Amino acid sequence: MSACRRIVLASRPVGAPTLDNFRIETGPIPAPAKGEVLVRTLYLSLDPYMRGRMSIAPSYAQPVAIGETMEGEVVAEIIQSRTSEYREGDLVRSKVGWCTHATIPPEDARPVKAGPMPITAYLGVLGMPGFTAYVGMKLIGQPKHGETLAVSAAAGPVGSLVGQLAKLAGARAVGIASGAAKCHYLINTLGFDAAVDRHAEDFARALRDVCPDGIDIYFENAGGAIWPAVLPLLNRYARVPVCGLVALYNGVQQVGHDWWPETMLAILRRSLVLRGFLNSEFASEHYGEFLREIEPLVADGRIRYREHIVEGLDAAPSALIGMLEGRNFGKSLVKVALW
């Protein structure tokens with residue numbers, strides 16, 4: 001490839017993103033300065049947080065500016081190095097965004113091992129989503145033998161690992177997902193004890209039926225209409241790690257019953273712990289132990305994962321829109337170049 005291609009934020013979405021919010025630009029491949037490396041993107045990770053970066057609403061991170069490259073993490077190959085820390089041909093992870101090429105300093109790269117596992121795993125089960133599941137369970141959820149865990153968006157890259165970690169700790173795992181196929185996958189492939197379709201006609205009753213002893217840990221990935229069904233089932237001292245609220249990201253006004261008073265009363269009367277968290281808060285202290293603990297479990301098949309891969313950088317906008325609507329099945333990735 002003789003040119004660099006990138007996808008920039010063309011306009012800010014009002015409600016759900018559309019293809020008009022993105023623009024593809026082409027320019028020369030950048031040259032690395034002394035102390036930098038030039039990388040070629042192989043795979044781009046698509047994640048729900050990207051919707052927040054498209055908005056100017058107050059958040060924990062700065063929004064992407066209009067005309068700037070969309071934010072995102074990639075697995076890339078170093079094709080030119082002007083530093084002793086990396087050689088040409090090395091594989092790295094870096095947040096270079098939605099582009100085919102970029103120059104970065106070595107401190108902005110994390111090595112990726114080319115070995116028995118696909119390199120894409122380091123953007124999913126062994127990357128940010130996997131680490132999110134790991135720290136949310138280890139530091140907040142803290143599953144114990146015999147407890148019941150419920151997790152929303154359970155077939156996604158975070159939720160699927162959350163359930164498997166609960167099983168490894170001796171807890172029951174109940175997945176909440178969209179559609180029969182995903183529910184079947186949770187039980188028959190990942191070993192969840194039960195799964196409930198969030199679109200079921202009587203979702204609250206269905207969830208109650210598979211949680212006869214209540215819920216001790218609810219791992220929140222989705223928000224929206226799931227919470228009213230979960231709240232009455234939370235046991236005394238239940239823990240609620242909150243890492244995602246996809247149902248709220250498009251800024252759609254929520255209508256219907258206001259569950260805030262009931263939520264606050266439950267927190268008080270049942271001594272609940274609700275903790276929002278960002279995985280980045282724990283990376284410096286816990287990322288190494290995460291890889292040491294989870295990598296062998298993935299390698300020998302005790303932890304399983306699924307990927308949803310689309311081809312070509314141009315496919316990224318429609319794939320992100322589809323993921324936010326729940327049309328993906330597994331970790332969403334864009335294959336940008338061959339390796």
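Modeller: Here is the sheet, strand by strand, and then the helices. This is a predicted model, so local features need pLDDT of at least 70, side-chain atom pairs count only at pLDDT 80 or more, and totals for chains, interfaces and linings use all residues. Residues are numbered from 1 along each chain as its sequence is written, and side-chain values use heavy atoms, with hydrogens and water left out.

The sheet is open and has 6 strands, paired in parallel, in the order β10-β9-β8-β11-β12-β13 (strands are DSSP E runs of at least two residues, helices H or I runs of at least four, both numbered from the N terminus; two strands pair if DSSP finds at least two bridges between them). At the edges stand β10 (194-197) and β13 (273-276), each with a single partner strand, so one side of each has no neighbour in the sheet. On average, neighbouring strands are turned by 15° against each other, direction ignored (axes are lines fitted to C-alpha atoms, for helices over the stretch in contact, with angles from 0 to 180 degrees between N-to-C directions).

Now the helices. Helix α4 (residues 180-188) lies across β9 and β10, at about 170° to β10 (contact means heavy atoms within 4.5 Å). Helix α3 lies across β8 (148-151), β9 and β11 (215-219), running at about 175° to β8.
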